[in-house]
Amino acid sequence: MTLEKDPLNLIITGVGGQGNVLASQIVATAGIKDGFYVTVGETYGASQRGGGVLSHVRFSLQTQCGPLTPEGQADIVIGMEPMEALRVIADFGNPETRVIVSPRPIYPIWVLSGQATYPPIEDVLGGLRELTGEVRVIEPSVDGGTPLPTNVLMVGALAGSGMLPISLSSFEEALKEIIAPKSLELNLEAFKKGLEATAT
Amino acid sequence: MSVIKIDRPGQSVLMMGNEAIARGAIEAGVDFSSAYPGTPSSEILESLARVAEHFGLYAEWSVNEMVSLEAAAAASLTGLRAIVAMKQNGVNVCSDFLMTVNLSGTKGGLVIVACDDPSAISSPNEQDSRNFAKFADLPLLEPATFNEAREMTKYAFELSERLGLPCIIRSVTRISHSRGNVELGELPERKRSPSFEGVSIAGAFVALQHAALHQKLEQAREDFENSKFNWYVGPEGAKFIIVTSGTGWFYSREAVAALGLDSEVGILKIGTTWPLPEKFIIDHLKPANELLIVEEVDDFLEQNIKVLLAEQAKTLGPIEVYGAKSGHLPACGEMNQDKVAKALATIKGVEYSGRDEAYAQRARELVQPYLSPRIPTFCAGCPHRASMWAIKSALKLDGRDGFVTGDIGCYSMGAGPAGYFQLKTIHCMGSGIGLATGFGKLGQFDFNRPVVAVCGDSTFYHAAIPGLINARFNNSNVLMVVLDNAGTAMTGFQPHPGSGIDALGEPAPVVDIEGICRAIGVPVKVRDPFELDEAIEELCDLLQEDGPKVMVFRRRCHLAETKERPQKKVFVDPDKCIGDECGCARFCSRVFNCPGIIWDPTTKKARIDEIVCTGCGVCAYLCPQGAIVIEGN
Amino acid sequence: MEAGKGSTDLEKEVLNAGLCTSCGACVGICPYIKVVKDRVAVIEPCGITDGKCYDFCPRTLTDISELDRRIFGQERSDSSLGPYISIEMAQAKDSKTRNRGQYGGVVSALTAYAMSKGEIGATVLTKPFNESLMPTSVLVEDSSQVLSCAGSNYIASATLARLNEAMKQQTVSLGIVGMPCQILALRKMQASKHENGSKEVKLAIGLFCTWALSYKSFHEFLKGKINPSQIKRLDIPPPPANKLVVVTEAGTLEFPLDEIREFVKPTCGICFDMTSEFADLSVGMVEGVDDWNTLIVRTPEGKMIIDKAKEDGIIETKPLPEANLSHLREASLLKKKRALDEIVKRTGDKNNLLYLRLSDAELRKLR
C-alpha cells in the first residue's frame, strides 16, 4: 500500500442536492478500510440549488490531515458540475491536477433568473484542460430508464481511473454499508457504469 | 446503522467530529444527554438520541441551552453522567447557571460541549467560548483530531467526576463537522443509580466555594501536567516553537511540512488549554527564543502563554511571541494551513506560495467572468418568502415607515434579498421582540414608526416569551409575527415543544403558541402565509391596534413537508405568461425570487424548474395572469 | 401624448402627494400595487416605465376636452354639469327597491333591469357594509343580488380593482356603478393605448359625490361610539340639515357634518366633478324630495336603457323643477371653483393644475 504523494488530496465538487456528502463518505470509508488515514472536510456555498458544495477528502499513510486542502494542492478533482469543477481548479488546482468531470451543467440561480448566461460547455472544459494535467469527461448515463445517481457514478469513475490506490472491494463494501438497502441496486449499477467509463 | 453503536473495539471507522464526541460519551457510559440545536453542535445529541434506546440513556431536546444545562446538571447532582451540547451562543444563554454550578459543584461526570463557529458560517456572531472556561474557573479541553474528540470526551467525564466540576470541551466547525478516522473503544457495562443529598450555596458561603473552586482548578492543572492530550513534535532543542491547540495542530503541522521546516521548527500541541499545564509548557519552551501561537478565533492561548512567560522570565529568558497581537495571524475568522504557512514564511524569511503565481492568475482569469455573488435564499416552497412579502406589503400599505426587528433562524435571511431586506436587526435568540418592546415605547419621544418583531416557533419557546410578557406588562406598541414552520428548521428540523414529538421521535404534548399569547393577554391571530391577501390585510389591521399583538404565520417547513408527501406538479402555461409586460414584469422570477422559478430568456416566459420546485403553489396564487397552474387544481 | 410613466411616478406624483382617490384603477392589474381598506401602495417598483397604473389613474394628467370629444363626440357646452342629453327626476316603480336604495332607488332598479335584459352580463357594485365600516366591491352576476348592494357609504373604496380582476376572466359585457373619480378612471382605461378589457363595460352609472371619507380617521372617530358591524345605513340629508345620519341595529345616531369634514380625503378637495360627468347616466339626490333621484342622461347608450326601462315600467320620470336644477348647477360649479382654487393653492402656480388639463375657454368660464 503506497501513496504517490502524502497527503493525497481529492476534492469532490457539485451543487447542493447532488449528493456530495454521500460521495465523499463512500470514498473515505473505502480509504479507511484500506488502512489510510482519511479526513473529510466540507465547505458550502449557499443552500439549495446554485450553491456549490466542496468535499475535501485527504488521504495519508502517516497521519490524520486537516479538513481543508491548502491552496493549489488538489491532486484529483471530481466535478459533478463543470462550472463548479472550474471554480475548484481556480482555487485548488495546479498543472498536475487530474480531473474527472460531468459535462452536464446545472444552472445557478443567477442564470435561471436571467441575470447572467452560462458559458458554452466547451469553454468550461477547455479551461479545465488548459489548467490541469488530465481531464476525463464522464457523460452521466442517459440511455432511458431510471436516471443513475451522478454522485455514485462519479465515484465509480474514480475507482475505475486508478487515480486512488483503493481496492475495488473496499469501494463496494463501503457502498453496501452506506447506501440504504432499497436504493443499493441502483447505486451499484451507477458505480459499475462509472467504473466501466474509466477502466482501461 | 448508527456508526457510534458499533461494538468492535480497536477498529478504525469514519466518523464526524460530533459523532466522535457522542461515541466518547457512550464509551464513558453517559446516562443523560440534553441540548438545544445549533450549528455546528446539533449532531451530538442527534447521534445520542438515535442510540438512546439501545444503550438505555436519556436524550432530550431542551427548550434552550440554559434549561438544557440545568437538566443535565440535575442528573449529575444525583451521580449520573451527563452531557450537554450547544453552539457558542448557547454558552452565553446558559452562562448564568454556569457561573453558579461551578461553585456548587457537581457529582456525576458533567461535560459541556461548546461548538464554536469560527467565521460565523452559520451563526449571528463569532466568539471564542474558551473564555467562559477561564471566566467560570472550569477545566477546558480542545480536541485536535476526530479520535481525540472521542478520547477527550471520555476523559472529561472522569475528570469532572474526580474534581466535582463540570468540564468544558471546546470544539469548532472543522472538528465537529469534518470526518476522519476514529478508533473505537470499549463499550461499558456499568449502570449508575442516582441519589441526591442536596447542595446549597448562598451568601457568605459563596466566597468559600469560590476559594474551593480555585483549589479544584489547581487539581485539574496537576492532572493536565501529564495529559496524553499535550505533546511536542519536532527537533530537540528547537529555537522556534509553534504553540497550538485544536485545529491549529493540523494547520501548523502541514504548514511546517509545506515549508520544509521540520528540522528546525517544533510544535507544542496543547489539548488541555485551561488551566494551562504550566510545568509541561515551561519544560518544552526552555530552548526556544521564538514562538508562534496558532489557535482559532481569540488570542486565548497567546495571552495565557504570555502571562506564563512573564512569570517565568528568569527561567526562560526573553522570548519573542508571534501571533494575533503581532499581526502575523488574524485575530478572528477561521484558521487554515495557508494562513499559518504565510505567517511562518514571513517570520522565517522564506518563500511561500501554494503554487505558481502566474498559474493562479490565469486560473482566476478563466473563472472570473462566471463568478457572481452567491445569494443565500429561502428554499423553494419556503413559507418565509411569503411571510416576508406579506410583512413588506403590510408595512408599505401602513405607510408609517414601519420596520422589522429580526431574530435567529432561517428567516434571518430576511435581512437580505431573500426577504426583500425587511429585517433591520439581528442579534441573539429572542432579541427581536426584546428590541421591539423598546422601540414600541419611544412614542413619548415622538418616535412613532410601527415595529414588527419576527421570530420562529423554536425561538418563541427558547427566548421570546419574556419579551412578549414585557411588551404586555409595559403596554408596548409591538406586532410580533411568529413564523411557525413546525420545527427547528435551520439546524435540521429538530423537534421542539410545539412539534408533538420528542428527541426520540415519540409522541409528546404540544405547547400551544396561541395559548401562551392569550394567557399573557395579547390578542393573537393565526394565518397561513400563503393566503397572502388575507395575511396582508390582517397585518394591516393589527398594525392599527395599540399595545402588543401577535400574528402567527403557520405553515410547515416545505423541506420537511416534501419529505413526507408527494409534491404537486406546477407548470407555467406559456400562452398566459406575459413575462416582461406591464401587469407582471417578471414578478415570479425577478421579484418573488423562488429558486423553483426560472426565467427563460429565449422564449421570454417563466418556467418551473421541476427538480427544484416543491409544488407549494404560492406562485400560482401570486401570478397576475393565472399562468402558473397546479396540476389537479 | 406624453412619454409614458410607471408605478414609481404614480407613487411619487399621486400616492405620496396625497392625491389618491382609492378608486382602484391601478389595483388588480399586477402584483406590485395593493390596496387594503382605502389605502393604496406600490409594494415594490416593477421597473416598467410606461405603465397602465399611471395611465388609468384619475389623478394623473387628464385632458377634459379630449375625453369629452371621445365619449360625447364634442366638447361640453355646459361648464357646470358637463355634457348631457336630459336632466330629469326619476324613481324606481318598485317600492321595495325604493326603500332599500338611497332616495329613489333608480341605480338599483336600472342595474337589475339592464342585467335581466341581457344588456350587461354582470355588474361591479359596492356593498356598503360588510361586517365592518368598509364597503366591499363585488361582481354581481345575477340581477337578484343587486339590491344587496343598494345604499351609500361615504368611504372611498377600490371598486375598480374588482373591475380589473373581473376583466381578466369575464367574457360578458359589464356594467359598473361608481363615484365620479371611478367613472373618470374607467374612461381613461377605455381611452388607453394599453390593452385592457374595459371596452366590455357597456353601462357606467355614475353617482353624485361631494367628497369621500378616509377610512382610518372615520373609523377611529366612530370607535367607542358605534359598533361598525351594526351599521345599516349612512345618509347625509340635504341642506340645511348639515349632519351625518348613522342608522344602526341599535338605533340612529347623528353627527354634525362639521365634525366629519376633517375626515374627508384630501384629494376630494381638488376634485372637479360632482355629477360623474363622464358616465352614461349620473344619479343623485333631489334636494327636498325624499324618494326621487336626479337623473342625468349623458350618452345615447344611457338614453336607450332609460327609454326601455320607462317603457317596461321599471322607472318613472318627471321634470326636475327649475329651482332644483339651478341649485344643482350652483353646487357643481362651486365644487369646480373650489377645486381650482385648492389646486392653485397647492401648486402655487395658476398655470399648474396638477392632473387637470382644461381648454382655455373652459378655464375662462370657471374663473
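A residue counts as buried when its relative accessible area is under 20%. In this predicted model, C:L257 has a relative accessible area of 6% and is therefore buried. The residue belongs to helix α9 of chain C, which spans residues 257–260. Leaving aside residues up to four places away in sequence, C:L257 touches C:W211, C:I236, C:N242, C:K243 and C:L244. With C:L244, the separation along the sequence is 13 residues, while the two C-alpha atoms are 5.9 Å apart in space.

B:T145 is placed in a loop of chain B, between β6 (140–141) and α6 (146–163). A polar atom of the B:T145 side chain lies 3.0 Å from the backbone nitrogen of B:E148. When residues up to four places away in sequence are not counted, B:T145 touches B:I175, B:W249 and B:F250.

The interface of chain B and chain A was examined next. The contact involves 53 residues of chain A and 46 residues of chain B. Between them, the two chains bury about 4100 Å², and 56% of this area is on carbon and sulfur atoms. Two salt bridges were found across the interface of chain B and chain A. A salt bridge is formed by A:E130 and B:R362, whose closest N and O atoms are 2.4 Å apart. Polar contacts between chain B and chain A number 17 residue pairs, counted with both residues at pLDDT 80 or more.

On the side of chain B that touches chain A, at least two residues each are supplied by β1 (12–16), β8 (179–183), α9 (248–259), α13 (337–348), α14 (357–367) and β22 (597–600) of chain B. The most is given by α14(B), with six residues. By residue class, the side of chain B that touches chain A consists of 23 nonpolar, 11 polar and 12 charged residues.

Strand pairing also links the two chains. Strand β2 of chain A, residues 37–44, is joined to β8(B) by two bridges, and the two strands run antiparallel. In this pairing, A:V40 has B:R179 of β8(B) as its bridge partner.

Definitions and conventions:
Residues are numbered from 1 along each chain as its sequence is written. Chains are lettered from A and ligands numbered from 1 in the order in which they are written. This is a predicted model: local features need pLDDT of at least 70, side-chain atom pairs count only at pLDDT 80 or more; totals for chains, interfaces and linings use all residues. Side-chain values use heavy atoms; hydrogens and water are left out. Contact means heavy atoms within 4.5 Å. Buried area is the accessible area (1.4 Å probe) that two parts lose on being put together, summed over both. A salt bridge is a side-chain nitrogen of Lys or Arg within 4 Å of a carboxyl oxygen of Asp or Glu. A polar contact is a pair of N or O atoms within 3.5 Å; within protein, one must be able to donate a hydrogen and the other to accept it, and residues adjacent in sequence count only if both atoms are side-chain atoms. Helices (H or I, at least four residues) and strands (E, at least two) are DSSP runs, numbered from the N terminus. Ala, Val, Leu, Ile, Met, Phe, Trp, Tyr, Cys and Pro count as nonpolar, Asp, Glu, Lys and Arg as charged, and the others, Gly among them, as polar. Two strands pair if DSSP finds at least two bridges between them. Buried means under 20% relative accessible area, exposed over 50%, partly exposed in between (1.4 Å probe, protein chains only).
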